[in-house]
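I set out to look up strand pairing and helix packing in this entry. My notes follow.

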Amino acid sequence: MEYNFSEIEPKWRKFWAENKTFKADNSSEKPKFYALDMFPYPSGAGLHVGHPLGYIASDIYTRFKRLQGFNVLHPMGYDSFGLPAEQYAIQTGQHPVITTEDNIARYRDQLDKVGFSFDWDREVRTSSPEYYKWTQWIFIQLFDCWYNNTSNKAERISGLVAEFESNGNTKVNACSDYNNTFSATEWKAFTEQEKEAILQEYRLAYLADSWVNWCPALGTVLANDEIVNGVSERGGHPVEQKLMRQWSMRIKAYAERLIQGLENVEWTDSIKDIQRNWIGKSIGASVRFPLWRGIEGEATPEHSIEVFTTRPDTIFGVSFMVLAPEHPLVEEITTVEYKDAVENYKKAASLKTERDRQSDVKNITGQFTGAYAIHPFTGDKVQIWIGDYVLASYGTGAVMAVPCGDQRDWDFAKHFNLEIKNIFADKDITEAAYTEKDAVIANSDFLNGLAAKVAMQKAIEAIETKEIGKGKTNYRLRDAVFSRQRYWGEPFPVYYKNGLPVMIETQHLPIILPEVENYLPTADGQPPLGNAKTWAWDTTKNDVVSTELIDNKTIFPLELNTMPGWAGSSWYFLRYMDAQNEAEFVSKKQADYWGQVDLYIGGSEHGTGHLLYSRFWTKFLFDQGFINFDEPFKKMINQGMILGRSSFVYRIKDTNKFITNSLKSNYDTIPLHVDISIVDNDKLDIEAFKKWRSDYANAEFICEEDGTYICGHEVEKMSKSKFNVQTPDELVEKFGADTLRMYEMFLGPLEQSKPWDTKGINGVHNFLRKLCRLFEGELIAGEPTKESLKTLHRTIKKIGDDLERFSFNTGVSNFMICVNELTDQKCNNKAILKEMVILLSSYAPHLCEELWVKLGNEAGTLSYAKFPTFDESILVEANFSYPVSFNGKVRFKVELPLAMNAQEVEKEVMSKEEAKKYLDGKDPKKVIVVPGRIVNVVL
RNA sequence: GCCCAGGUGGCGGAAUUGGUAGACGCGCUGGAUUCAAAAUCCAGUUCCUCUGGAGUGCGGGUUCGAUUCCCGCCCUGGGUACCA
């Protein structure tokens, strides 16, 4: 049988689509399996071979699960809100809806060519109103909830209001930035305005003035995870700190649960670590240092500086304090004498961008304020400084400086010649601070002689007894800014009444993104939605109306910001379960049936963004009883990146002459990227090169001896500008989808990054052709040979094991071994080939469908066939060829029955001629026999 | 700096529990077939000073036996960072 993939493959893809072969049932007697891929952003560039890598793996796995009798959910969709479509709109005026539609069509076309078993009836697009209706709905739920630290879950805001009305806020244990207390009477006396302002401090989605990362070049704020090395992840523009009124998400409330939850998921250690580090839990104590009032002479407890420390055991080592320049107390405490110096320092610090501050770590700066605090245990006066190594946004924005135990404090003390007390027994701190937590504490009153760990506990006890602080856990995780000054995102279902945000009732959703003439910010600096003419909420008609009608009585302005990219992607896995539901975001029934995602495959670059936010929303939806699981992704695999292999030609400087790779060192050359499509196995197609660009039409070449021009190569990220992008389409065209699927798996372990190289693709293609040759002659129905049965069952075992541990590359190898063996055996037995086809069908589904029919089976039944059962008895051997080693070096082999015990094996081996040769007349000190494994003779 | 992952032939990689290092594929070499080419088939392919020896980044250790376990170091990739 000829391997005519270009005929076979489209035929079966059409068959699957027409017969809805991969439609998932919403209820079934079978066990369920939910396999999810990270849905793509449909960019204009289309897919390159790196994109489908994870999809191929999950597709192979889900096809395997179907064969094992699972009801499989394997959906796909598009994360279709985002910046590139908007920027294209700004440049060309093309509406992002159109760009997005076009890109999705291209993606779909490319995806279809690979033969995935997606259930396309469940497709979601985050930018479609039917979808973002529910994103808006979830936002409203978050707005309507607060976090109760006592019950340790999100609760409705109405319950909080009821509590305020009966008891005020004194008994409330909430995750909140609100520090004041009020009684029930006081609460009732507040105006609506005041009440809402307080409630904002409790809501999980809240409006607040907060320091945000403002990116002037992009004209929007960015979340922490959207900034890399102090510049925007997209575009690399500078980012500055700006105080802005923005929607935020109180993800901090879930910090502890986000750490704890990692214990219950099967993710790699590395991605769990990324999340733990990002959340940044640190255990320590908060301590108040009273201010020393030189003039009044005594400290007043109301005036104190609160610090957070992870080393309360080192409290006797405190010799000064440092506040962040932005700390609110700075102005109050600074003495007249130091006023100008402090002001100057503050100004200088505020002018530094985030990036400057980061790159300037070695440059130690600070300024004494003239004020002193009183050490709560020793009563000593300690100087209060400001310094920009202390961050306003972490802890309390103030530190107790312990130079002997913290390198930054040590550096600061050295630089400004401040005291460095040594409170560690037998540790030298003359050259650097001692930062390990294993020292014995000295010079520390009641902590003397204690190990750091014990001292830590004791210090916290003392701090609590003295009522100057308490044990405390801090998290680095900040609340997530949820507003973006963009057009192409979900509009907020929010209008403003007297400056207060009001949620639109959920029955009026979705609030559809308005048309604008211009996608840029407005002249007065409003976000792009400020350009919309129809963008006001009529509370009598419950409809969006013209902004001209705004009267602030019944018609109010709508929110001009849109939601960030991660809004839609934080819950899409739930929508797939019930994608067509118009009444709910997902029905309880479907959410209960499908439950957690059993297998999630995607890149690890989402470790601090998407994977954290979607866990947060899942926990929230769980708290509110909408779903019954609080971790979205049970098992996750992070596929590695496929890197490009760029080809280079070498042009002699200032000429149009090109030198082949091996001779380039003899000349002064410039390497130039050359399109990989005109290079085959590093050999340049010279004619094609001349045609590639007009300036090369007259190029001259200095070639290898055999007249070929050999290119150099380098492994780099795939990108258009490096001419090293390989699209899957070309390869499907040339070799077929089954070859592409198997080759992408054969490249190496899924999780590893690896360079793309088409050199080896022939090997995989030849394997499929070799397989076809097995089907060329007449196929026989009778008993298979013992040999073939062995081959088959060895393969069943290996393929099954490989799939279970996601080792797809060894899976491909094992198929090759199997086909090589069956070819040697000239196997034409139907029973063997049938099982073989089922095994291979998840890797190479098109060809296997074809062979399945050739074997006399009904078309389309292969996907739901039964995965072959491994029969161990077939592989049982009577003999084993023992490798015999002397001092660990294998010298010869002896074939012996496996039934033999150790003594018999030893006797047999030692009686052999070869053994005598290697013994060389000596007596062995010891002979180790591991039955069925090895014999080792120690001389 | 700290945390995580990794380092094996010319190349991609295999070795699942401490037990024959280099499976499988590419590439390369030689041969068969062919007028020729493609395709296919057969044989070989870790290195060396080759009846032997060395060898899984480097140095040590544990063990009868180490790619695998332990200690120290080097390199590559990823994450993160004045986080108190």
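I began with one bridge: Phe 886 has Lys 889 of β34 as its bridge partner. The model is a predicted one, in which local features need pLDDT of at least 70 and side-chain atom pairs count only at pLDDT 80 or more, whereas totals for chains, interfaces and linings use all residues. Residues are numbered from 1 along each chain as its sequence is written, chains are lettered from A and ligands numbered from 1 in the order in which they are written, and side-chain values use heavy atoms, with hydrogens and water left out.

I then followed the strands, which are DSSP runs of E of at least two residues, numbered from the N terminus, as are helices (H or I, at least four). Strand β33 (residues 879–886) pairs with β34 in the antiparallel sense over eight bridges; pairing requires that DSSP find at least two bridges. I found an open sheet of four strands, ordered β34-β33-β36-β35, with mixed pairing. Its edge strands, β34 (889–897) and β35 (926–930), each pair on one side only. From one strand to the next, the twist averages 20°.

I next noted helix α28 (residues 902–910), which lies across β33, β34, β35 and β36 (934–938) and runs at about 120° to β35. Axes are lines fitted to C-alpha atoms, for helices over the stretch in contact, with angles from 0 to 180 degrees between N-to-C directions.

Finally, I looked up helices α3 (residues 83–92) and α4 (residues 96–112), whose axes come within 9 Å and cross at roughly 125°. The contact (heavy atoms within 4.5 Å) involves Ala 85, Glu 86, Tyr 88 and Ala 89 of α3 with Pro 96, Thr 99 and Thr 100 of α4.
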